[in-house]
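Hi everyone, thanks for making time for this.

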Amino acid sequence: MKKKSKWLDEYSRPNQNAGQQPRQEKAYFGYRRVPAHEKAQWVRDHFNTVAKRYDLMNTLLSLGIHHLWKRTAVRTMALNPGDRVLDVCGGTGDLAILAARYTGESGQIIVYDINRAMIEAGRHKIHGSLLRKCVWFVQGDAEHLPFPDGYFDAAMVGFGIRNVTHMDLGFNEMCRILKPGAKMMCLEFSKPTAPLFRWLYDLYSFYFMPLLGGIVAGSYKAYLHLTESIRTFVLPDKLTDMIERAGFSRITIRKLTNGIAIIHMATKD
Ligand SMILES: C[S@@+](CC[C@H](N)C(=O)[O-])C[C@H]1O[C@@H](n2cnc3c(N)ncnc32)[C@H](O)[C@@H]1O
């Protein structure tokens, strides 16, 4: 238990996740070190495995709390009717669908994700509803966004930036496609602050989550990877630095559920 539940110390985290200057040859995939150029493939395989049961597993594992986190995160963005919004690493489109409540039919929301299986798992949610008039799915890599400079009124990334090999490129790109003064929201897992709560969370994450992943989604390994990837991810202050370096300012942090998840809100200069 002790060895498995290791949260990487503050020196290791930036080295592997934010260590893009100079670029690292290795990247973390869970606790495993893989060649950086292979990480995207590892991530793609991971999401191919979990895509069909992704939404169900999120709800089971978080006891539905992820819906609250997402709702809070999107509400914080203060979107307006008609806004153009990019949902980077958008997966099955949960954040995009919530955002559409604010942007309305005149808005334009693009769910942008590298994984076809995740997109397919999300597309049915908008079929037959008015949402299909304003929500689109586009497949591609967050490190290279195929959109013009200053096109969007807002950008968001939910539980996705952790998976991007060069997070700085992802943030740079989000900054580039936003209009000056536009908001960027990043929702990610983090490290609970209360030690006892963290201990319980570790027990839950290392034992129950992979077990349920094995039973419901057919992959123990994929859900152990999820647990590990959270523990190797940069802490909120370092993530703030990275977001700032990408060209954002007025960065605020909001802790959810004792820090299991964190919302970073930022404004493009
Ligand atoms: C944990 S899911 C989050 C999905 C959704 N945002 C949510 O909150 O439920 C992470 C998503 O990031 C996508 N992803 C990972 N690396 C990516 C990359 N380099 N570019 C675009 N999408 C990526 C995965 O395919 C996956 O759908």
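Before I point at anything: helices here are DSSP runs of H or I with at least four residues, strands are runs of E with at least two, and both are numbered from the N terminus. Residues are numbered from 1 along each chain as its sequence is written. What you see is a predicted model, where local features need pLDDT of at least 70, side-chain atom pairs count only at pLDDT 80 or more, and totals for chains, interfaces and linings use all residues.

Let's start with G93, in the loop between β3 (84-88) and α5. Is G93 buried or exposed? It counts as buried, because it has 27 C-beta neighbours inside 10 Å. The cut-offs are 20 or more other C-beta atoms within 10 Å for buried, 12 or fewer for exposed, and partly exposed in between, with C-beta atoms placed from the backbone. Leaving out residues up to four places away in sequence, G93 touches V111, G122, K125, I126 and V135; contact means C-beta atoms, again placed from the backbone, within 7 Å. The C-alpha atoms of G93 and E173 are separated by 20 Å, and these two sit 80 residues apart along the chain.

On to the ligand. How many residues surround the ligand? There are 20, and the closest are C89, G91, N115, A142 and G158; a residue is near if its C-beta atom, placed from the backbone, lies within 6 Å.

Now helix α4, residues 65-76. Its twelve residues reach 17 Å from first C-alpha to last, close to the expected 16 Å, where the expected span is 1.5 Å times one less than the number of residues. Buried in α4 are H66, W69, K70, A73 and V74. They lie on the same side of α4 because they cover an arc of only 125° around the axis, taken from the directions from the helix axis to the C-beta atoms. Their cover includes α3 (54-62), α5 (94-103) and β6 (152-158), among others. After α4 comes A78, with a positive phi near 50°.

Last stop, helix α9, residues 220-231. This one is mostly covered, with ten of its twelve residues buried, including Y223, H225 and R231. Among the elements covering them are α2, β7 and α8 (195-217).

Note on methods. Two residues are in contact if their C-beta atoms, placed from the backbone, lie within 7 Å.
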